[in-house]
Amino acid sequence: MTTLAVWKFASCDGCQLSLLDCEDELLAVAGRVRIAHFLEASRAVLPGPYDVSLVEGSITTPADAERIHAIRDASRVLITLGACATAGGIQALRNSADVAEYASAVYARPDYLDTLATSTPIAAHVDVDYELHGCPIDKGQLLETITALLAGRKPNLPAHSVCFDCKRRNNVCVVVARGEPCLGPVTRAGCGAICPAFGRGCFGCFGPAETPNGPAEADLLRAAGMSEDDIRRLYRTFTVSAFAEVAGDAS
Amino acid sequence: MTHRSDRLIDVRALARVEGEGAMHVRVRDGAVADVRLEIYEPPRFFEAFLRGRRHTEPPDITARICGICPVAYQMSACAAIEDACGAVVPPAVADLRRLLYCGEWIESHTLHIYLLHAPDFLGYAGALDLAKDRRDLVERGLALKKTGNDLVEVVGGRAIHPVNVRVGGFYRAPAPADLAPLRDRLRAALDQALATVRWVAGFDFPDFRHEHEMLALVDPGRYAIESGTVATTGGLAFGVQDFEDHVVEEHVPHSTALHARLAGRGRYLTGPAARYTLSRQWLSPLAREAAAEAGLGAECRNPYRSIVVRAVETVYAVEEAIRLIDRYEPPPAAAIDVPPRAGAGRGATEAPRGTLFHRYELDAAGLVTSARIVPPTAQNQAAVEHDLGRFVADRLDLPDDRLTAECEQAIRNYDPCISCATHFLDLRVDRG
């Protein structure tokens with residue numbers, strides 16, 4: 001039976017929770033795989049190697065930078081889950097800041113902390129086989145990926161933009177109809193275009209689509225009334241490093 | 001092995017808690033010398049990078065502190081920013097927030113009861129093992145949890161990190177037709193929640209009584225969820241705007257969490273047992289009746305019985321959601337405009353695992369100049385360590401593996417959310 005392991009690095013637990021949130025499918029999945037390491041769900045831990053490792057979170061401490069290599073070595077297929085694991089997450093906002101100053105702003109005794117100056121994606125440290133994007137990931141994409149691996153095929157994960165899914169959902173375009181700033185044209189699909197469906201512009205939590213047009217998007221955001229500072233803030237949120245090129249800055 | 005007078009028990013990675021933590025117990029000359037909950041979840045510096053963000057951004061940003069209770073973060077952030085800007089949302093918007101929050105209480109409590117905590121009482125490593133013997137029980141829990149998640153999804157747009165919440169209200173108010181199918185699901189959920197109370201009430205609860213002061217929001221006339229003032233079992237009462245005068249935090253060496261204390265009073269506990277003890281008179285008649293049948297009295301001071309309180313609160317949240325849907329009329333506007341102004345604002349709401357305080361300072365342009373977040377687990381940590389010291393002292397004759405398992409169960413009583421507390425646990429018992 002295929003063995004499945006779930007690992008956590010710096011993160012909110014939301015992406016691994018997505019697996020427990022598959023209420024209709026969880027027991028069926030559990031019947032097809034042997035869950036060998038999933039601390040959020042079970043205290044039973046089996047030794048590696050593992051057929052599939054799901055990795056949540058980003059690398060932010062010296063110890064974690066070591067631990068991810070041991071996990072890679074013990075895993076046949078390694079899949080990263082979500083904005084933290086694929087792009088460093090919101091905590092990557094430290095990468096262009098003074099992390100010592102950040103630590104002293106939050107903690108009375110920064111000297112008690114053991115942290116790196118950067119938050120980096122898993123792929124910056126080890127080879128990654130598949131990436132699931134999003135903050136959080138879409139549980140449909142997670143089930144598709146697990147199903148595909150059990151069937152011995154490649155998972156079907158779109159790289160097109162949110163705009164395609166938005167049209168398919170028959171949403172009214174928030175940019176055209178209401179002049180709202182929206183990152184949909186440059187953001188990877190997968191969420192189901194939920195923000196426009198609720199009348200707000202996409203804020204890019206799945207990171208950039210495969211071929212984003214940064215300059216055209218900048219014009220669109222300016223036309224919607226955003227200042228350069230606002231545009232910078234919009235890109236510099238959940239997948240700051242992945243959007244650096246689209247945003248046209250060196251962050 | 002089992003009777004050494006000096007030993008070290010070390011649980012390096014606690015299972016079935018949210019986030020990463022450890023526990024270290026040091027035993028010297030047959031007595032517990034030191035118990036530490038170690039939060040090694042790496043620091044993520046939310047309060048630092050919130051500086052310079054627009055006053056509209058903290059609800060989306062702080063949701064990312066916790067994937068299990070993002071609504072709590074969004075609600076406390078909105079409350080604090082609206083306080084800073086002098087904005088008060090209309091009752092219809094406040095009701096919609098309460099409805100969204102009921103969804104989070106249902107999904108988070110059910111996750112904790114069925115997937116994290118109940119396996120301890122029944123001797124299973126996890127719910128998936130329990131499902132091999134009692135699939136019906138786990139299916140009931142998953143169905144109840146799904147109803148909570150679906151409620152969050154309909155009102156909030158997404159179960160984890162909802163997208164529909166904004167300062168001032170919502171991007172889009174649901175249509176009554178969106179909520180109608182949920183009402184039937186919630187009727188079924190009410191039966192599942194009542195069955196859950198009866199099920200957990202039959203568990204074997206070790207004798208344990210703590211004497212900590214307990215703290216929760218109170219909202220006379222109804223059970224506090226998204227608003228209220230602060231009260232404690234010791235008779236302390238203050239407004240949320242004064243929380244910093246009373247809740248003080250200190251940084252301890254073994255933790256990336258900050259320990260909170262009540263100024264001049266010391267350690268305290270927040271969470272379901274505190275809420276129940278301070279507000280049980282405001283539970284619905286059905287939830288009060290379920291609590292009485294489950295053997296809960298006027299107060300809950302046995303941490304093991306917190307699972308019963310969570311089940312009772314789930315009954316309440318389901319009923320409250322039905323009540324709110326029944327009287328729902330879409331607000332004239334889904335949100336009010338909240339223009340920024342310079343100043344500080346404070347907000348507190350009842351996350352599933354306890355009171356969550358936020359404070360922001362804004363400049364005249366509406367940019368955040370400072371942020372402070374005091375999550376429930378940081379408030380509880382000192383009291384949990386104190387209880388664990390007493391707990392271990394009574395069980396020193398147990399072998400390490402048994403003691404470790406029982407300590408983990410004891411820790412799960414408090415539903416620690418380590419991702420939240422980072423600013424939490426691995427058990428290490430040092431027996432010398």
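1. Which residues does Glu144(A) touch, not counting residues up to four places away in sequence? In this predicted model, the partners of Glu144(A) under that condition are Arg153(A), Lys154(A), Pro155(A) and Asn156(A). Glu144(A) itself belongs to helix H6 of chain A, which runs over residues 139-151. Taken against Ala41(A), Glu144(A) stands 103 residues away in sequence, and the C-alpha to C-alpha distance between these two is 21 Å.

2. Two cis peptide bonds in chain A deserve a look, and each involves a proline in a loop. The bond from Gly48(A) to Pro49(A) is cis, with an omega near 0°, and Pro49(A) sits in the loop that joins strand S2 (33-38) to strand S3 (50-56) of chain A. The bond from Cys135(A) to Pro136(A) is likewise cis, its omega being near 5°, and Pro136(A) lies in the loop between strand S5 (130-132) and H6 of chain A. As background, most residues other than glycine have a negative phi, and most peptide bonds are trans.

3. The backbone at Asp13(A) can be read against that background. Its phi is near 80°, which is a positive value in a residue other than glycine, and Asp13(A) is placed in the loop between strand S1 (2-8) and helix H1 (14-20) of chain A.

4. Within chain A, helix H10 (residues 214-223) and H11(A) have axes that come within 10 Å of each other and cross at roughly 125°. Because of that angle, H10(A) counts as oblique to H11(A). The crossing of these two helices is right-handed. On the H10(A) side the contact involves Glu217(A), Ala218(A), Leu221(A) and Arg222(A), and these meet Glu228(A), Ile231(A), Leu234(A) and Tyr235(A) of H11(A). By class, the residues of this contact comprise 5 nonpolar and 3 charged, with no polar ones.

5. In chain B, helix H7 (residues 176-201) packs with H11(B) at an angle of about 160°, and the axes of the two are 9 Å apart. Angles over 145 degrees count as roughly antiparallel, which is why H7(B) is described as roughly antiparallel to H11(B). The crossing of H7(B) with H11(B) is left-handed, and the residues of their contact divide into 19 nonpolar, 2 polar and 4 charged.

6. The largest pocket holds about 810 Å³ of space. It is lined by 29 residues, and those nearest its centre are Arg200(A), Thr56(B), Glu57(B), Arg166(B) and Tyr171(B). The elements giving two or more residues to this lining are helix H11 (228-235) of chain A and, from chain B, helix H2 (58-63) and strand S4 (165-166). Sorted by class, the pocket lining has 14 nonpolar, 5 polar and 10 charged residues.

7. The largest cavity contains about 150 Å³ of space. Its lining is made of 18 residues, of which Leu269(B), Thr270(B), Ala273(B), Asn413(B) and Tyr414(B) are the closest to the centre. At least two lining residues come from each of strand S11 (268-270), helix H9 (272-279) and helix H11 (306-326) of chain B, and H9(B) gives the most, with 3 residues. The classes in the cavity lining are 8 nonpolar, 7 polar and 3 charged residues.

Terms used: Residues are numbered from 1 along each chain as its sequence is written. Chains are lettered from A and ligands numbered from 1 in the order in which they are written. This is a predicted model: local features need pLDDT of at least 70, side-chain atom pairs count only at pLDDT 80 or more; totals for chains, interfaces and linings use all residues. Side-chain values use heavy atoms; hydrogens and water are left out. On a 1 Å grid over the protein atoms alone, a cavity is a set of points where a 1.4 Å probe fits but cannot get out, and a pocket is an open set with protein on both sides within 12 Å along at least five of seven lines; lining residues have an atom within 4 Å of a point. Grid points are joined across faces, edges and corners, and a volume is the space filled by probe spheres set on the points. Helices (H or I, at least four residues) and strands (E, at least two) are DSSP runs, numbered from the N terminus. Ala, Val, Leu, Ile, Met, Phe, Trp, Tyr, Cys and Pro count as nonpolar, Asp, Glu, Lys and Arg as charged, and the others, Gly among them, as polar. Axes are lines fitted to C-alpha atoms, for helices over the stretch in contact, and angles run from 0 to 180 degrees between N-to-C directions. Angles under 35 degrees count as roughly parallel, over 145 as roughly antiparallel, 65 to 115 as roughly perpendicular and the rest as oblique. A crossing is left-handed if the near helix is turned anticlockwise from the far one by less than a right angle, and right-handed if clockwise. Contact means heavy atoms within 4.5 Å.
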